[in-house]
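Please look over the protein below. A short report follows, for a reader new to it.

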Amino acid sequence: THSRTYSVSSAFDFSNNLFPLSTTAAGYTALGTPIYNPLEGPSLEKHKSLTFLNGLSLVVGLIIGSGIFSSPSQVNINAGSPGASLVVWAVAGVLAWTGAASFAELGGAIPLNGGAQVYLTKIFGDLAGFLFTWCAVLVLKPGSAAIIAIILGEYVVRAAVGAEAADVSVWVNKGVALAGLILVTIFNSISTRFGTRMGDLFLVLKFIALLGVTIIGIVVAATGYSYDGKLSQEWKHENWFTGTNQNLSGWAVALYAGLWAFDGWDNTSYVVGEFLNPSRDLPRVIHTAMPIVIVSYLLANISYIFVLPASVIASSNTIAVKWGSIVFGPIGSLSLAIMVSLSCFGALNATTFTSGRLVYAAGKEGFLPSLLGKIGLPGAERRNDGMGVVAAEKRHGLWGKIKDWAGDEDGAIGFTPVNAMIFNTTITLIYVAVGEFGTLVTFYGVAGYTFYFLTVLGLIILRVREPYLERPYKTWITTPVIFCCVSLFLLTRAVVAEPVQTLIVVGFVAVGVPVYFFRIRGRGGRRKSSGIKWKFWKRSEI
Ligand code: ARG
């Protein structure tokens, strides 16, 4: 028998597709049946391959997505003035940075893949870990995919009909969002390699788009150049803080929009176990990546403010297109629309990849119906019959070429968590259908920051409860304290500013509690414990 490479191997492997991770832990029998053992433990962690630069590109690549091209309007409307929105962007960035530093400490102390799920289980017990997974599957993953898909839809429509075209029905945008979602689901169903190839392709594009906006915006500001020679100069005369919102809840909503653009800072925690030198590189990655993102976001916003009148910034989700049309005319708006569309498409592709793995792992663990923990479409095994080392030599003809290009290492096609991805895409479609950018961003923020808050609070609890736990990287204690205070402010303000959405989030979490007790605990010990002990847990037990 030979074993084949497959990228799902530990129960909570959220490995990202920005670069290939060498994982050979879970194998297949000769018949192609996946051998999967969720308690196999930190098998992925034995194949360490990530360096500092890998980590840096992972974090920066994940964070820069749709947000910097779409959030500025929400930030601006709710903060009230250009100056106040820059303050919001800075606060959001610093908050994300303190969160990331806190997660780095937890990652060093508990060097396993899985992020918040692992930390919450360790600190608060199994139920907390389950509730995180429950919310990630039902709210966080599909919610974030829906936001990106909606922005994708808006930018593609802008690219197709032009920036100045009269209002297109939102259902056209949503239709494009739906088409994009189905396309990335197909890509990621074909093979792991095909999904990652698509991901790599789009990574470069968003850097170019963001750098372009920043550099050209500053040139424009310095020279006063614009396409039609009528660059708005109103920023020069206006007081930057005129109109600042006096209402704290408005600031909270603005912050949620800014935080969306910075979201993804926790993602190294999903692959901590795979760093060659986590205690040295994890903090280095965080303390390099976050300042880079913060500075480039602030510069991009300054560029928007220089080029666009405040009324335009506040009224558009497709701010980059407006920016392009003022600086370069129709060519500018078209090329920015295309670049941002591709950036969103890449982000959607990446998030579909990780969501598939998350739902798949949850199905395997018994958190969700076991159908979702199955690999491949029906018949995938038969079609891939005899694949592997032997088959690789025999592959010929057109089908063989296609398999070579699109398939995994040994040419296998369709060995992906297809059911899980279809499940995730279906839930995402519901969010796309009923939601719109502003509400979804707040909804996602409330759900996400509930768990970020609990996790970072857990860091403080862990310092008291287990002072001697080995912590290769220890942040300044003010870091988690600042994070907890600001996110607590955000969460309490959400109750005032968006009571309905907060209630829906609370409802989702509440429904998870009986599910845990009846389905997970109840079924004759189908799943007893994650195996991560939450008390007197020694490093040697990892
Ligand atoms: N910051 C990203 C953006 O601006 C969104 C990240 C979504 N979150 C995630 N964990 N993938 O589009």
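## A residue in helix α12

V340 lies in helix α12, which covers residues 319-365. Helices here are DSSP runs of H or I with at least four residues, strands are runs of E with at least two, and both are numbered from the N terminus. V340 counts as buried, at 0% relative accessibility. Buried means under 20% relative accessible area, exposed means over 50%, and partly exposed lies in between, using a 1.4 Å probe and protein chains only.

Which residues does V340 contact, once neighbours within four places in sequence are set aside? They are F69, Y155 and A320. Contact means heavy atoms within 4.5 Å. T318 is 22 residues from V340 along the chain, and their C-alpha atoms are 9.2 Å apart.

## About the model

This is a predicted model, in which local features need pLDDT of at least 70, side-chain atom pairs count only at pLDDT 80 or more, and totals for chains, interfaces and linings use all residues. Residues are numbered from 1 along each chain as its sequence is written, and side-chain values use heavy atoms, with hydrogens and water left out.

## The whole chain

The protein chain has 19 helices and zero strands. It has 542 residues, and 59% of them count as buried. Take the contacts with a separation of 6 or more: residues 24 or more positions apart account for 82% of these.

The accessible surface of the chain is about 21100 Å². Carbon and sulfur atoms hold 69% of that surface. The area comes from the Shrake-Rupley method with a 1.4 Å probe; for residues, only the protein chains shown count as cover.

## Helix α1

Helix α1 spans residues 52-63 and has 12 residues. From its first C-alpha to its last it reaches 17 Å, close to the 16 Å expected at 1.5 Å a residue. The expected span is 1.5 Å times one less than the number of residues. The buried residues of α1 are F52, G55, L56, L58, V59, V60, G61 and I63.

L53 is also found in α1. Is L53 buried or exposed? L53 is exposed, with a relative accessible area of 59%.

## Helix α2 and its partner

Helix α2 (residues 67-79) packs with helix α9 (residues 248-262) at an angle of about 170 degrees, their axes 8 Å apart. So α2 is roughly antiparallel to α9. That term is for angles over 145 degrees; under 35 is roughly parallel, 65 to 115 roughly perpendicular, and the rest oblique. Axes are lines fitted to C-alpha atoms, for helices over the stretch in contact, and angles run from 0 to 180 degrees between N-to-C directions.

On the α2 side, the contact includes G67, I68 and S71. On the α9 side, W251, V253 and W260 are among them. The residues of this contact divide into nine nonpolar, six polar and no charged.

At 2% relative accessibility, S73 counts as buried. Beyond its neighbours within four places in sequence, S73 is in contact with I313, A314, S316 and N317.

## A residue in helix α4

V118 sits in helix α4, residues 116-124. V118 counts as buried, at 3% relative accessibility. F132 is 14 residues from V118 in sequence, and 9.6 Å from it in space, C-alpha to C-alpha.

Conventions: Nonpolar A, V, L, I, M, F, W, Y, C, P; charged D, E, K, R; others polar.
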